Amino acid sequence: MSAPLIWIVIPFIIGILLWFFQDKPRMVYFVAILLCLLLSLTALLQPIGGVLQVGSKAIEIKTTMTLFGRNFVLENENRFFLLFIYSAAVFWFIGSVMANLPNKFIPMGLVILSLLTAALAVEPFLYSAILVELAVIISLPLLLDKGKPIGKGVLHYFIFMSLAMPFILLSGWVLSGTQVDPSNAGQMRIGVLLLSLGFAFWLAVFPFHVWIPELAEETHPYLTGFLLGSLPPTFLMIVLKYLNGLVWIKDSELLSPTLRTVGVLMIVTSGLWAVSQSNLKRLIGYLVIEISGFSLLCISLQSSLGTQLFYLSLIPHVLAIGCFSFALTVLQKNGVEPDLENVHGLIRQFPVTFVVLIISILSIVGLPLFASFSINYVLLEQLSANPAILVWAVIGYFLMTIAMFRLLISLIGNTGVSWKINEKVGEIIFLVLGAILLILMGVFPSHLLGGIWSLLTKYLTLA
Amino acid sequence: MDKWFNIFPILLILTALLGVFLFETWRRQVVCLAALFLGMFILMAQVNSLALSSAKLISGWMAALLLALIVPKVESVSEEGLLSNQIFKIASSIFIWMIAFFIARSVGSLFSTMPEIVFISLAIFGSGMLQLGMKAKPLQVILGVLLIFAGFDLLYSSIETSVLINGLLAAINLLVALLGTFFENRTNSEEEE
């Protein structure tokens, strides 16, 4: 048995099988959650390349699976991603029932996640672009709401993701030539340019960012959360893999300044747009762009600390995106259009939802006592050698904080309505649990985030 | 150009590209797309195995067939400024092809393949970009993405021979066409409601 069979083929096949049982949503729900839990636990506990003992039978978990001459390789270093993506899937699938998502969400979600895992596993790694494109195409029918016209956000998402594929594949071909002849500087430049363009489309780097807020505005917030909580982290993992695979890029003096500039550009531009944004659904898009910028800054450190910060930041960031999107879902279910004008004084009617919404933003921005604070602090400290980058990053975060305060001011306005909790019990439990985790990560970073990291290093050999 | 007879598939492809731009009827646009895949097949067969080129042609035609089955409720006929509109489309297409022609040599030095293939790939790719830039309706976006993929596929299949990769690229073409039918069904059912 091979690791790609466990984490790619099995969820893919089960996803397709579950598609035919959409009329039995409870069964689909429990099977998918159980499967994702099992996959997460296996990723945490079972070393790849080791032996899995099932009763008296010993099964060797190989790293490689070959398909039509191409290898899919999952090694121990990928176990963090596997644990992350499938445990996040448990969260997304549990909330999907309360979010009233269509029955096809879980089967298609499983297929999308398995394709994203395959994108990370495929060798040569440049072919990941094709698998990502397949995942994107499969996600499109999910994004179309019944009774609503096909919006430009969905089309732009499709176009930008589709444009990335040719650029990345061609860059792979050009750069493989430079591996043979590293003296060809012109070819190198073109290869890097093509690769950068491809990644810029994927990660929604300015000016290719329009699709994220548009998509967030048009589609169901929980679906947006699922996609934007799964795609950018996978893209960033692929970026890391590319950098490790192309040694001369990794060793280039230009890499770190380029990643820093792009990262800080994403943080500043997202903050700039967020501050003038009145639609809360679009705000989630800008938060995702900011998170991607932050991750690029972590990667730009080119050290084990940078990688550690990147890995660790995924946990609070995706949790915050999950809480934010679920809070928006609760508002949507109650017929509230999430716009600053419409939410005036609404904190009195949906106190839990809005408190969690604010906690989520504060956690992403990384204010003291909130989830990402310790990670942001360490990152900014590391960037202090480069004051310009540091100042711009702080400006970006400051702008996002202003956006949050605009929301807060709008919410606390007195409309004369008395305080009342309109959320359902299940929604409250889901929201409060998420918020408590976010706060605990901020208040006890060394215990919670540090504890998670030591657990991961112990089991996943990440040190 | 080493082989003079390649002028015929090139002309076929350029005419098909113009057809995709100029025709306002969906079926005619799709027929032009099918003709484009035929032209691509003739060029591809010179650098690839016949089996692979045929597979690409068949998958392209299957995609075109899937799209041809769609009957758009509203054809995008623009009565006003029809002539100026078409002149603009022709001029911008020719402009794109000229750019493709002038950069084909330098791009060709990167990819060790026939210069005709490099030029026509860039022309198709550029035309796809133009289509995406000028039209915003879902079906026209599908057509634009298919053109981009077709241009890329022609260039890439001349340098990459992996069965899995070429198979996946063909699958993506078909899925995009399938997405087109899904988009149109969605639009039609909305209008009926």
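## Basis of the model

Residues are numbered from 1 along each chain as its sequence is written, and chains are lettered from A and ligands numbered from 1 in the order in which they are written. Because the model is predicted, local features need pLDDT of at least 70 and side-chain atom pairs count only at pLDDT 80 or more, whereas totals for chains, interfaces and linings use all residues.

## Chain B

Chain B has seven helices and zero strands; helices (H or I, at least four residues) and strands (E, at least two) are DSSP runs, numbered from the N terminus. Of the 193 residues in chain B, 40% are buried, a term for residues with 20 or more other C-beta atoms within 10 Å of their own, the C-beta atoms being placed from the backbone.

Among contacts in chain B with a separation of 6 or more, 71% join residues 24 or more positions apart. Two residues are in contact if their C-beta atoms, placed from the backbone, lie within 7 Å.

## Domains of chain A

Chain A is assigned domain 1 (1–123) and domain 2 (220–460), with bounds from an automatic or database domain assignment. The centres of these two domains, taken over C-alpha atoms, are separated by 26 Å.

Contact between the domains involves 22 residues of domain 1 and 23 residues of domain 2. On the domain 1 side, α2 (25–45), α3 (79–98) and α4 (105–121) of chain A each supply at least two residues, and the largest share, eleven residues, comes from α3(A). By class, this side has 16 nonpolar, five polar and one charged residues. Here Ala, Val, Leu, Ile, Met, Phe, Trp, Tyr, Cys and Pro count as nonpolar, Asp, Glu, Lys and Arg as charged, and the others, Gly among them, as polar.

A:Thr234 lies in helix α9 (residues 221–245) of chain A. A:Thr234 counts as buried because it has 24 C-beta neighbours inside 10 Å. Leaving out residues up to four places away in sequence, A:Thr234 touches A:Leu116, A:Ala119 and A:Leu120. A:Thr234 and A:Ile85 are 149 residues apart in sequence, but 8.6 Å apart from C-alpha to C-alpha.

## The nonpolar core

The largest nonpolar core has 230 residues, and those with the most contacts inside it are A:Ala164, A:Leu287, A:Cys323, A:Ala327 and B:Leu146. Such a core is a set of buried Ala, Val, Leu, Ile, Met, Phe, Trp, Tyr and Cys residues joined through C-beta atoms within 7 Å. Helix α13 (residues 304–333) of chain A gives the most to this core, with 17 residues.

A:Leu287 touches A:Ile321, A:Phe324, A:Ile361 and A:Ile364, not counting residues up to four places away in sequence. Helix α12 (residues 280–300) of chain A is largely enclosed by the rest of the structure, because 21 of its 21 residues are buried. Just after α12(A), A:Gln302 has a positive phi of about 50°.

## Where the chains meet

The contact takes 28 residues from chain B and 28 residues from chain A. On the chain B side, α6 (138–157) and α7 (163–192) each supply at least two residues. The largest share of that side, 15 residues, comes from α7(B). The residues of chain B that touch chain A divide into 21 nonpolar, three polar and four charged.

Terms used:
A residue is buried if 20 or more other C-beta atoms lie within 10 Å of its own, exposed if 12 or fewer, and partly exposed in between; C-beta atoms are placed from the backbone.
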